[in-house]
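Dear colleague,

I am passing on the structure below, together with an account of what was found in it. Please read the text with the coordinates open beside you.

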Amino acid sequence: MLSVYVDLALGLVVSFLLLSLLVSGLNEAFVRVLAIRSKFLWAYLRDTMDGSDAQGRSWLPAKVRDVFAALPFVRDPRPKHSDQPSPPEPGELPAQESKAEDAMVNLLYQRVQGIDHPKKGRTSISNIPPARFAVALMELAAGEPDGVEGFLEKLKSMRSPLYGHLKGVWETAQRDLDRFRQGVESWFDGEMQRLSMLYKRYVKWVVAVLGLVVTLVFTMDGLEYAKTLLRDNAFRASVTAVAGSGPDAYNELKARCTGGDPVPCVTETLSQPALVKMLDHALVSVSIPAEGDPSVHWNGGLWWQRITTPSHWPGFLLTYVALLFGASFWWDVLRRLTGIRSRR
């Protein structure tokens, strides 16, 4: 009896892991297509280095709607892509800056554009290492006649928000260039960590929506699936084989298929992989016969019937909540149940 419940736990964990991986993949595709990471970075850089736009609005989104509407489609904060290497001499800061110039961001981009590749005519850089950012600022400061002091004075006259941050770092470093560079690096690293937390907070909404879509499209009833695992020995064995796949997987299936010749039982079990059978009630299902080619079926009528049946809703809710935990959580649970050790 204990083995049955262990198999039940493994089956649920495997199903939630597979669906969570699907949600994670869709989320990653969504983020990449809209270049959310890159836009988030450059929106922060514009706010920090040049301030608000010509209309006095912050570049970083303040609402979830702005993250997935204004930022991707209306206000692209990324500089225009350049296929040229970084110029040998850094550009000179203007004595004053209008809100439409974005001088600091453009000068920073010139120092890092050598690692860029285009995405719809804009930069695709989504990560600037803190050490590289610090070096870029030191290069800009070196282009000023009075070094860091002159650089800070230019930032002050430009009314750049970066002035306050760097002024504090410069005073803390006691005007030592090496300590100043290290201070800028540490400051920017902390800013990137906070930006990552803000980014993840917004992206959680994407995961929540995608988790709901996956649950409803595949009509994955977690309670119904658990009952199937308890009642169907062959199916439970196939799921357990997925969880503990390895050299002993065939022997485990063979031991579970009691009867005369175990080969037909094992063949039949493996001919319907756990993932395929788990999604039998999806809007579009796939069947893999023992012989011949796989076939795709449209299940619109059955899908709508399951969606509108209240008895399935608690199972849908269970699946949806499970997907919110994420693939990393379910992989860790699976690893603990099966004793799989992480590679070091």
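**Salt bridges**

The side chains of R175 and E171 form a salt bridge, with 3.1 Å from N to O. E171 counts as partly exposed, because its relative accessibility is 34%. Before going further, please keep in mind that this is a predicted model.

R175 also meets E149 through its side chain, in a salt bridge of 2.9 Å from N to O. Because E149 sits in helix α6 (residues 147-157) while R175 sits in the loop between α7 (162-172) and α8 (177-217), this pair ties together parts of the chain that are 26 residues apart in sequence. E149 is partly exposed, since its relative accessibility is 30%, and R175 likewise counts as partly exposed, at 44%. These residues belong to a network of salt bridges that links E149, K167, E171 and R175.

Another salt bridge joins the side chains of R306 and E224, at 2.8 Å from N to O. The pair connects distant parts of the chain, with R306 in helix α14 (residues 300-307) and E224 in helix α9 (residues 222-231), 82 residues apart. Are the two partners buried or exposed, R306 with 5% relative accessibility and E224 with 28%? R306 counts as buried, because 5% falls under the 20% limit, whereas E224, with a relative accessible area of 28%, is partly exposed. In the whole structure, the search finds 12 salt bridges.

**The chain as a whole**

The chain has 344 residues, of which 43% count as buried, and its secondary structure comprises 16 helices and four strands. Among the contacts in the chain with a separation of 6 or more, 68% are between residues 24 or more positions apart.

**Surroundings of F68**

Once the neighbours within four places in sequence are left aside, F68 is in contact with F30, F73, Y202, W205 and V206. F68 and V31 are 37 residues apart in sequence, and their C-alpha atoms are 9.8 Å apart in space.

Which residues make the nonpolar surface patch of about 370 Å²? The patch is made by L317, V321, F325 and F329. Of these, F325 has its place in the loop between α15 (313-324) and α16 (327-338), and F325 counts as partly exposed because its relative accessibility is 47%.

**The largest pocket**

The largest pocket holds about 410 Å³ of space. Its lining consists of 19 residues, and N27, K200, V203, K204 and V207 are those that lie nearest the centre of the pocket. As for the helices that take part, α1 (2-34), α8, α15 and α16 each supply at least two residues of this lining. Two of these helices, α15 and α16, are also those on either side of the loop that holds F325.

With regards

Terms used
Residues numbered from 1 in each chain as written. Predicted model: local features only at pLDDT ≥ 70, side-chain atom pairs only at ≥ 80, totals over all residues. Heavy atoms only, no water. Contact = heavy atoms within 4.5 Å. Patch = residues over 30% accessible without salt bridge, like charges linked within 9 Å, V, L, I, M, F, W, Y side chains within 5 Å. Areas by Shrake-Rupley, 256 points an atom, 1.4 Å probe, with all protein chains shown as cover. Salt bridge = Lys/Arg side-chain N within 4 Å of Asp/Glu carboxyl O. Buried < 20%, exposed > 50% of the residue type's maximum accessible area, 1.4 Å probe, protein only. 1 Å grid on protein atoms, 1.4 Å probe; cavity = no way out; pocket = protein on both sides within 12 Å on 5 of 7 lines; lining within 4 Å. Points joined across faces, edges and corners; volume = space filled by probe spheres on them.
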